[in-house]
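Subject: Structure for your files

Hello,

Here is the structure I said I would pass on. My notes follow below it.

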Amino acid sequence: MRRASTVLTLLPFALVAVLAVGLAIAGRLSTHDSVTVGTASPTQSAVAPSTTSAQPSPTPSLTALPTTPSASPTASPTASLRVNDAAEMLRVHNELRSAVTAPAVRGDDRVTTAAQRHAEYLAQNNALGHDEVPGSPGFTGASVRDRLAAQGYTDANASEVATSFSSGTDGVRSLWVLPYHRLGLMHPHATVAGWGHAETAGLAVTVGVIVYDFNAPAPERVRAPAPDQRVAGTYSGEEIPEVVPAGAPRPVGYPIMVVYGRALAVDLKSARITDASGRELPHHVVPQLYERDYVTIIPASPLAPGARYRVRLELIVAANDVVEEWEFETER
């Protein structure tokens, strides 16, 4: 049964806060919230005005994953427990970043504690979102800004993602599939991350807090899938805000993204996805919400297993013509 959830998105580098209401996909819930910590500029919300900063920031959205990966029958109890450890979730996050040539993010106990405390709050209150209510069990701060400040981490650009999934590491992987969530998780300027996981009867919650440094060195751009990477061929297409046009057939193919560093403005002139025979595949262009530093396209139909595909994106990046062209493969 599909459960209603609140999907919140506050973005760090354009620093726009977004509040969206969506449905849980296959019983799993995800939310994304990004903010600038330590800034006094106002933010805007898709639902109601809120406070934000005037810089640019990575955009979020939500997508459904396939079924939850099942545990190996030979997995030991120790290995099973580790999937909810902050260090293991950070390792998985960096594993996903490494696969697309994004630099590793480092852990910070203050950020990890903020994520863990919010996961505990959500689990205790049978909730999913980014706000906490004073007086409720486990309250540590009304917003991610407050929760980071409570741990002594101030004056930073930070985003928060949350999902209800079977385990912490599966939650991290599920968030990576969501194009708008993946945007922050794979962002070239992400430098610090902390993860938390908590469970109560009937609810498991995974929370990630990501901090961005736009003055730090970063790759010119990051592409996902990366050149020659092997990825799933099918994606449900279920996200809030919508990434697939209303009424379009689903499932679809794996989302294809390029994110530029230094907050460079990116415009898409044309896009092509072709298979090994040169046949062009229809695709959807994902709306460029909240910021301008990225492009996402999604094949309109599931990709064939064990096949190779070529992507060609003709872009305008910071007023310059740029062509991005690479190939990737799908899993068998």
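**The aromatic pair and the rest**

At 22% relative accessibility, F214 counts as partly exposed, a class that runs between buried (under 20% relative accessible area) and exposed (over 50%), with a 1.4 Å probe and protein chains only. Y212 has 4% and therefore counts as buried. There are two aromatic pairs in the count, which takes rings of Phe, Tyr and Trp (its six-membered ring) with centres within 6.5 Å, and calls planes under 30 degrees apart stacked, over 60 edge-to-face and the rest tilted. The rings of Y212 and F214 are stacked, because their centres lie 6.3 Å apart and their planes meet at 20 degrees.

This is a predicted model, in which local features need pLDDT of at least 70 and side-chain atom pairs pLDDT 80 or more, while totals for chains, interfaces and linings use all residues. Residues are numbered from 1 along each chain as its sequence is written, and side-chain values use heavy atoms, with hydrogens and water left out.

The chain has six helices and 14 strands; these are DSSP runs numbered from the N terminus, helices being H or I of at least four residues and strands E of at least two. Of its 332 residues, 53% are buried. The chain exposes about 13500 Å², with 53% of that supplied by carbon and sulfur atoms; the areas come from the Shrake-Rupley method with a 1.4 Å probe.

Beyond four places in sequence, the contacts of L315 (heavy atoms within 4.5 Å) include V258, Y260, V266, L268, V295 and V322.

Helix 2 covers residues 86-99 and spans 20 Å from first C-alpha to last, close to the 20 Å expected, which is 1.5 Å times one less than its number of residues. Among its buried residues are M89, L90, V92 and L96. T101 follows helix 2 and has a positive phi, near 65 degrees.

D275 is in strand 10 (residues 266-275) and, at 17% relative accessibility, counts as buried. The D275 side chain reaches the backbone nitrogen of R279 at 2.9 Å. Leaving aside neighbours within four places in sequence, D275 contacts L281, R308 and Y309.

Regards

How values were computed: Polar contact = N/O pair within 3.5 Å; in protein donor to acceptor, adjacent residues only side chain to side chain.
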